[in-house]
Amino acid sequence: MSSPSTTTAPLVSLHTHTDLSLCAKPNMTLDAAVALAVEDGYHTLGFTDHIHIAEVTDRPAHAQQLREYRSRRDEANWPVRVLIGGEFEVQGKGSMVECDEILEVCEFVVVAPNHYHLRWVDSVGDTCAETAAHELDCFETAINWPHTDIIAHPYVGKIQKPEHEPNAMWDATDKNRIRDLIALAKERDVAMEIQPAVWFHPDRAGRVAELIDMWLDDGGLVSLGSDAHTLSTLRTWTERYGEIVERFDLTTEKMWLPPLDR
Ligand SMILES: [Zn+2]
Ligand SMILES: [Zn+2]
C-alpha cells in the first residue's frame, strides 16, 4: 500500500455503512464495498455502522460482527486500507449514546450530532436561531466526548420544520461560538466532516460550506465521508470526490486520517 502523498488529498471515505446498519441496503456488504473501493483506487475505506440505544442495537451482536469484520480484514490483505469504526450519536446536550463494549472494538469514531429524526434524540428549538444553538451544543458535546474523532454531517440532520433547513440554520448561527468550537476541536484533534448531504444539495445546504471554510482557515482538520448506505452512493462519492478536493483546496495536511498504527 502506498503512503499518502503530502500534497494530494488521498481518496477516502471515513464514514461508510454496511448491512449491519438497519438503514443500509442488503447489497452493501463489507466485501462488496471493499471490492468497489479497490476498483476505484481508494486509499482508505472506514466503516462506521450505527450504534443506537440498547433497545434498538443488539450490542453484543454488533460488537461480535465488528470483531468478525476486523478478522476478515486482517486475513484478507486487501490492497486498500480498511478500518472498522462506528457512528455513535449525541442524545442531547451533554449526553451521548454510549456503549463501551462496541467502543472497545472500534478503530475510530464518528459522532452524529443531529440524528433528530430518532425518537431518543432531543430535538430542541422553535426558532431557527434556537435550533442552530442546539446544533452547536451537540457539536460541543461530541467534541468533549473523549472518543470522538470526527463530527458527522454538520447541519444536515433531518429537521422537521422546513424553516430549519441547513442554509437557514447556518445563517442563524453565532459565528463567534463556531470559532470557539474550532479551537476546542483542534485541542482535541476532532475533525469536521465534509459529506454528500452538504455538498450535493447546494440549494438546501450549500452555504454550510462556509463552516468548512472557517474550520480550515482556523487550522482545523476536515474528514471526508460518503455516508454511503448503498454501493451506488459510494460510487457517486468516488466520481464527485475531485470537486470537493478542488473546492476546499484539500491536501493531506488538512485532512484527518487515522494513525497508521490503527
Ligand atoms: Zn448519521
Ligand atoms: Zn452515517
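Reply: Let me start with the burial terms: a residue is buried if 20 or more other C-beta atoms lie within 10 Å of its own, exposed if 12 or fewer, and partly exposed in between, with C-beta atoms placed from the backbone. This is a predicted model, in which local features need pLDDT of at least 70 and side-chain atom pairs count only at pLDDT 80 or more, while totals for chains, interfaces and linings use all residues. Residues are numbered from 1 along each chain as its sequence is written, and chains are lettered from A and ligands numbered from 1 in the order in which they are written.

Me: ok, so is Gly92 buried, exposed or partly exposed, and why?
Reply: Gly92 counts as partly exposed because it has 16 C-beta neighbours inside 10 Å. Gly92 is found in strand β3, where strands (E, at least two residues) and helices (H or I, at least four) are DSSP runs numbered from the N terminus.

Me: and how many residues of β3 are buried?
Reply: Of the 12 residues in β3, 10 are buried, so the strand is mostly covered.

Me: which way do β2 and β3 run, and how many bridges join them?
Reply: Strand β2 (residues 44-50) and β3 run parallel and are joined by 7 bridges; for strands to count as paired, DSSP has to find at least two bridges between them. As one example, His50 has Glu87 in β3 as its bridge partner.

Me: switching to helices, at what angle do α1 and α10 cross?
Reply: The axes of α1 (residues 30-39) and α10 cross at roughly 20 degrees and come within 10 Å, where axes are lines fitted to C-alpha atoms, for helices over the stretch in contact, and angles run from 0 to 180 degrees between N-to-C directions. The two helices, α1 and α10, are therefore roughly parallel to each other, a label given to angles under 35 degrees.

Me: which residues make that contact?
Reply: On the α1 side they are Ala32, Ala33 and Leu36, and on the α10 side Leu231, Leu234 and Arg235, with contact meaning that the C-beta atoms of two residues, placed from the backbone, lie within 7 Å.

Me: last one, what is phi of Asn77 near, and where is Asn77 found?
Reply: Phi of Asn77 is near 55 degrees, a positive value in a residue other than glycine, and Asn77 is found in the loop between α2 (59-76) and β3 (81-92). Asn77 is exposed, because 7 other C-beta atoms lie within 10 Å.

Key:
Parallel < 35°, antiparallel > 145°, perpendicular 65-115°, else oblique.
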